[in-house]
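Reader: Hello! Could you pick a single part and take me through it closely, then connect it to whatever surrounds it? I'd like each cut-off stated once, please.

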Amino acid sequence: MLEVKNASKVYGEGDTKVVALNNVSLQVNKGDFIAVMGPSGSGKSTLLNVIGGLDRLSGGEVVLDGKRLDNLDENALVEIRRGKIAYVFQQYHLLPSLTAIENVFLPLLFCGANRESLDKAMGILKVVGLEKRAKHKPSQLSGGEQQRVAIARAIVNNPSLILADEPTGNMDQKTGAEILSLFDQLNTQGRGIIMVTHSPEVAKHAREIVFLKDGQIVDRVEQKGRI
Amino acid sequence: MKLYQLVFKDILRRKKRVLYAALGIVIAAMTVVGILTIATAGQAKIYAQLEKYGANLSVVPAISNVDMTLGDLSLGALTVGENYIPEAKLPEIRQIADGEIREALGIKDDVDIATIAPKLYVNTKVKGTSLLVVGVEPKEERTIKTWWKIQEGKYLEERDQALLGAQTAQLLKLNIGDRISFNGSDATVAGILEETGSSDDYQVFVPIQTLQTAFGKEGVVSSIDIRALCNACPVEIIADSINQNITGVRALAVKQVAETEMGMMEKMNKFMLALAGITLVIGAFGVVNTMMTSVHERIKDIGIMRAVGASRRQIIKAFTYEAVIIGIVGGIFGYMAGTLVAYGVGPLVFEGTDVSYIPQYLPLSLLLAIFVAVVSTAYPAFRATTIKVSDSFRSL
C-alpha cells in the first residue's frame, strides 16, 4: 500500500546541516501496524511527516497505492489528507475554540459536509466513548479524552492509513493503554498504522518494530505473538 | 453546519480576541467618520454664512470722465453725467435681477427674490460736524447688512428716527432720545450700532424719504445695492443685463467677498480630506498590524486545519468570513464613536456649529472597515498556508 524508497531528509546547509533521514526504505502493507522506535533526534517524527506530506523529502520517494506523493502540490495533498492518510499527534492538536463534536466534524466540513455529517461525527465520537463530552471544549477534557477526540477526528473520513506521533506520550499508563486498545481496534478493522513511540510497552502492540538511529534504519523486529 | 456558521460560532467564543482585533478598525473608522462629520458641519456653517454675505451687486449712476484739453494744454478731467439714479428705474432693475435669478435657478414663482436697497447719500453738518447722512429703506437695509448689531436702543421704525454709527455717537456725544437736525429737518436718535469696522461707524442713517424731503431730492437715489442671497446667483449676468438695458446707471458685481470665502472653504475642504486620508492610512496600518498578529497567533490552527483536509481556499475563506464580521463590528462601532466624537469636538472647532450625524457615512464606514479587515487578513492567512504543516506546528 505504502512504500518509502531511499528517503532522505536534510535540514540546513554547510556547518548547520542536519541529516534527519538517511536512505530509509520501508514498506507498509494493508492492515500493517508498524512501530517506529529510536532515541530522540533519530528521525522518527521526520519519517512520519514526510510519509504524510507534512514535510518535504530531500531525496527518495514515497509511493502510496502506486502513486508518488512526495512530489505532489498542496492541492493534491489535500486530497490525500481527505480520506487516505490521517494523523494523530502527541499534542492532540485540537482546535481550542471548537467543541469535541466540532473538532471531529471539521474534516467532514472541509470535504463537503451534508445533513448527515453531524450525526456521523457523533457516531464516531460514540466509537471512542466520548458522546457525553461532545459539547465540551478541549480545555475541559482530560489528555486521554482529547486524544480520543483526535482519534475520532482522524478516522471520521475513513482513512486507510493512520500516522500517529507518540499518541500516548503525554499520558499515564492506564490512559495510554485505553488509547492503544483503540488503535488495536482500528488495526483489526484493516487500517494501516504507523506509530512513532519510544516506549517498548507501546511498541509491543505493533506487528513490526523499526528501529531508527541517526536517520537510518538499524533494526527491524517482527512480532508474531503481539498483544 | 457550513463553514461560515462554524466561523461565526468560533468568533462568538473568542469575543474578547475578536473585539481586540476590531479595536484598530473602530479607531480608524471613528477618526475618518469624526473628521468627515465635523467637516460637513463646518461646511454647512460656512455655506450659511456665505448665503448671508452672498453674491451681490452695486448699481451707481453712470459717470464718465472726459479729458479737457485746450490745444496741447491739459485742463484736467471733468466728470460728466447724473449724480443720481431716478427711483423710477427701480422696478426695471428688479425685473432684470429677479428674471435672471429665476432663469438660473429654475424658479417659477412670481415673488420678489432679490433684496433691492436704494440709498441716498448727503454730506451735511450735524451739531456742527460735517458727516455723511445716509437715507435707507430700513427693512431692505437690515436684510443686506446682516452683520449690523444694535448696541443701544432699537432699529429704525419711524420716519423721524435716526440710527447712528458707533463712532458718530461717540464723537457727537449723542444718546438715545437726543434730537438731531439736518438742513432744517429733525430726527430722534432711536438706536446706536455696534462698531462694524467699516465706514458705517461714521455715518448717520435715516429713512430715505426723510432725507429726500429734507434736501429736496425727491425721486432720486445715490446708489442701489442688490443682494441675491444665494451663492449660485448669476451676479455677473445680472450686471451685464442692467448695463445693457438701463441707461444712466452702471452695475458692478461685487463678488470678492464670496470668492475669498469660497476659496478658503475649498482649502479647508482639501485640508480636511488630506487629514482624513492620512488618518485612514495610519489607521489601516494599525489594523493590518493587529489582524496580522491575530492570524499569526493562529498559524498552528491553520496547520491543524490543513492536516485534517482543509484546502488553501477554505482556510482563506474562513479567515475572510472572520474578517468580514470583524469589519462589520468595527465599522458600526467606528461610525457610532466617530459621530459621538464629532458631536463633542465639532462645536469646539467651528464655534456654535450644530453637528448632525450623517447616515451616509455608515455604509462608507462599513465598506472601509470590511475592506481593510479583509485585505489585512487574507494576505497573512494565505502566507500561513504556504508554510509546511510540520513547521506551523513548531511555531509558537
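Author: A:Leu64 stands opposite A:Lys67 in strand 5 of chain A. Strand 5 is joined by two bridges to strand 4 (residues 59–64) of chain A, and the two run antiparallel. Two strands count as paired when DSSP finds at least two bridges between them. The elements themselves are DSSP runs numbered from the N terminus: helices are H or I with at least four residues, and strands are E with at least two.

Before going further, please keep in mind that this is a predicted model: local features need pLDDT of at least 70 and side-chain atom pairs count only at pLDDT 80 or more, while totals for chains, interfaces and linings use all residues. Residues are numbered from 1 along each chain as its sequence is written, and chains are lettered from A and ligands numbered from 1 in the order in which they are written.

Back to the sheet. Four strands of chain A form an open sheet in the order 2-1-4-5, with antiparallel pairing. Its edges are strand 2 (18–28) and strand 5 (67–68) of chain A, each of which pairs on one side only. In general, strands of a sheet pair through backbone hydrogen bonds, either parallel or antiparallel.

What lies across this sheet? Helix 1 (residues 44–51) of chain A lies across strand 1 (2–11), strand 2 and strand 4 of chain A, at about 120° to strand 1. Angles here run from 0 to 180 degrees between N-to-C directions, and axes are lines fitted to C-alpha atoms, for helices over the stretch in contact. Eight of the eight residues of helix 1 of chain A are buried, so this helix is largely enclosed by the rest of the structure. A residue is buried if 20 or more other C-beta atoms lie within 10 Å of its own, exposed if 12 or fewer, and partly exposed in between, with C-beta atoms placed from the backbone. The buried residues of helix 1 include A:Lys44, A:Ser45 and A:Thr46, as well as A:Leu47 and A:Leu48. Just after helix 1 of chain A comes A:Gly53, with a positive phi of about 75°.

Chain A also has a parallel pairing: strand 6 and strand 7 (residues 161–165) run in that sense over four bridges. A:Ala86 stands opposite A:Ile162 in strand 7 of chain A. From strand 6, A:Ile85 and A:Tyr87 point one way, A:Ala86 and A:Val88 point the other way, and all are buried.

In the loop between strand 6 (85–88) and helix 3 of chain A sits A:Tyr92. Its phi is near 65°, a positive value in a residue other than glycine. Most residues other than glycine have a negative phi. A:Tyr92 counts as buried because it has 21 C-beta neighbours inside 10 Å.

The axes of helix 5 (residues 143–155) and helix 6 (residues 173–188) of chain A come within 9 Å and cross at roughly 15°. That makes helix 5 of chain A roughly parallel to helix 6 of chain A, because angles under 35 degrees count as roughly parallel, over 145 as roughly antiparallel, 65 to 115 as roughly perpendicular and the rest as oblique. The contact includes A:Ile151 and A:Ile155 of helix 5 and A:Leu182 and A:Leu186 of helix 6 of chain A; residues are in contact if their C-beta atoms, placed from the backbone, lie within 7 Å. The residues of this contact divide into five nonpolar, four polar and two charged. Ala, Val, Leu, Ile, Met, Phe, Trp, Tyr, Cys and Pro count as nonpolar, Asp, Glu, Lys and Arg as charged, and the others, Gly among them, as polar.

Finally, the partner chain. In all, 25 residues of chain A are in contact with 19 residues of chain B. On the chain A side, helix 2 (74–81) and helix 3 (100–110) are the elements that give two or more residues, and helix 3 of chain A gives the most, with six residues. That side divides into 13 nonpolar, five polar and seven charged residues. As for chain B, its secondary structure comes to twelve helices and 14 strands, and 35% of its 396 residues are buried.

Key. Contact = placed C-beta atoms within 7 Å.
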